[in-house]
Amino acid sequence: MAQDMTLLWGTGSPPCWRVMIALEEKNLQGYNQKLLSFDNNEHKSQEVLDLNPRGQLPTFKHGDIIVNESYAACFYLESQFKSQGNKLIPDDQTEQALMYQRMFEGLTFYEKLNAVTYYEWFIPEGERHDSALTRNKEALTTELKLWEGYLQKLGSNTCLAGPSFSLADVTVFPTVASLFRFGLSAERYPNLGAYYALLKGRPSIKASWPPDWLENPKGQDTLKDI
């Protein structure tokens, strides 16, 4: 089954990590995979463009079916393999609604993180302004306070939509992990820190942990003052 699947991915990419966590949760180990280099622009190679005209990673294929957007791939895997591995969409109506809400808020969360951590990557040197980066940091701070509040309301030792690990965690945990990778203070954001500590040892997350993070556990300090 997994032998019919192929994933082209890049290390440290939250969208790629989402799909890898979902594959692990659904017990679909053994899929074909190829690690590509963003630094070497391999995501723009013909190999990727043949499957994904946007030239983005992840690129996921199951048989003749191609699903490239990470959220779409996660939904696809849960839909096609409902009875396999861990159930990722709760039956409880309230939990399910909250799962969907947090999943799609997670896209805004990821966007605001990138606007700070990859500002110099995305913005040409001649177009960079300190005032713009300051605004981006303020927007990220506001977003972080929202998620702190969400987690505080749910209480300790809980996932994003309630007691059960769900697609909300599959899709948002990589963003949270990236925050701490870039130096976010767990003392300043204790609820996010507790959530990160709770899930970082989960088997699906450990099995798919970015290899460059394993090689260099220290990370960066871009967010140390946020």
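On a 1 Å grid over the protein atoms alone, a pocket is an open set of points where a 1.4 Å probe fits, with protein on both sides within 12 Å along at least five of seven lines, and its lining residues have an atom within 4 Å of a point. The model examined here is predicted, so local features need pLDDT of at least 70 and side-chain atom pairs pLDDT 80 or more, while totals for chains, interfaces and linings use all residues. Residues are numbered from 1 along each chain as its sequence is written, and side-chain values use heavy atoms, without hydrogens and water.

The largest pocket has a volume of about 1,200 Å³, a volume being the space filled by probe spheres set on the grid points. Its lining comprises 38 residues, and Gly-12, Ser-13, Phe-38, Tyr-110 and Tyr-118 lie nearest the centre. Helices are DSSP runs (H or I, at least four residues) numbered from the N terminus. The largest share of the lining, six residues, comes from H4.

Helix H6 (residues 130-154) meets helix H8 (residues 190-199) at an angle of about 65°, with the axes 8 Å apart; axes are lines fitted to C-alpha atoms over the stretch in contact, and angles run from 0 to 180 degrees between N-to-C directions. H6 and H8 are therefore roughly perpendicular, a term for angles of 65 to 115 degrees. The contact (heavy atoms within 4.5 Å) involves Leu-144, Trp-147, Glu-148, Leu-151 and Gln-152 of H6, together with Pro-190, Asn-191, Leu-192 and Tyr-195 of H8.

Methods. Helix = DSSP H or I, 4+ residues; strand = E, 2+ residues; numbered from the N terminus. Parallel < 35°, antiparallel > 145°, perpendicular 65-115°, else oblique.
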